Amino acid sequence: MGDPAFAKEGIRKMKKNHMICLVLSALFLAIGFVLPFLTGQIPEVGSMLLPLHLPALICGFVCGWPWGLLVGFVLPIARSLLLGMPPLVPTALAMAFEMAGYGAVAGLLYQRLRPGRGRVYAALIGAMLAGRAVWGLASWAIYALLTQSRFALAAFWLGGFVNAWPGMILQVVLVPLIVMALERARLIPLKEN
């Protein structure tokens, strides 16, 4: 049998880590509510900067894949229900699956890949590609089931890549800077025990 004091200390640390992730996830949700107001002040490219994606991605890196998935899924739906933007069907619903994919894949890859500077970029690029694939599949299913129109491959290409390039560049520049700064400060990865 293991040492009971050691087990109690491990449980205490896990509970503390869970509480930290809960608080940070709430912070990422709040950031996700505010960022679109800031980028919306730039009419030409505001929505193309993909402001909702940043909190979901960073949450995946900081708190891990379950929290990134949860924040990513909840954020667009909560924002739609509380503020009316983005429209719930089909936009917010498809974005919920997309952003859940971003947060989950970013957290999973970051956790599984070997430490090093390339790990952050590999996890980010993997998450960006996986999230867009999930968005395409979710959009196709939502359009087929809940609307009278079809989601074509051209719409996937335009929405996922052509119109999204400013946000993709912002993500590739900003997310690694934030994650690497948090790593240098030894604030991530959060330790389980």
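W135 and F156 are stacked (planes under 30 degrees apart), at 5.9 Å centre to centre and with 25° between the planes. Because W135 belongs to helix α5 (residues 117-146) and F156 to helix α6 (residues 153-162), this pair ties together parts that are 21 residues apart in sequence; helices are DSSP runs of H or I with at least four residues, numbered from the N terminus. F156 also pairs with F161 in an edge-to-face arrangement (planes over 60 degrees apart), at 5.8 Å centre to centre and 80° between the planes.

Elsewhere, helix α2 (residues 53-63) packs with helix α7 (residues 165-184) at an angle of about 35°, their axes being 11 Å apart; axes are lines fitted to C-alpha atoms over the stretch in contact, and angles run from 0 to 180 degrees between N-to-C directions. In contact (heavy atoms within 4.5 Å) are H53, L54, L57, I58, F61 and V62 of α2 with L170, Q171, L174, V175, I178, V179 and L182 of α7.

Residues are numbered from 1 along each chain as its sequence is written, and side-chain values use heavy atoms, with hydrogens and water left out. As the model is predicted, local features need pLDDT of at least 70 and side-chain atom pairs count only at pLDDT 80 or more, whereas totals for chains, interfaces and linings use all residues.

Terms used
Helix = DSSP H or I, 4+ residues; strand = E, 2+ residues; numbered from the N terminus. Phe/Tyr/Trp six-rings, centres within 6.5 Å; stacked < 30°, edge-to-face > 60°.
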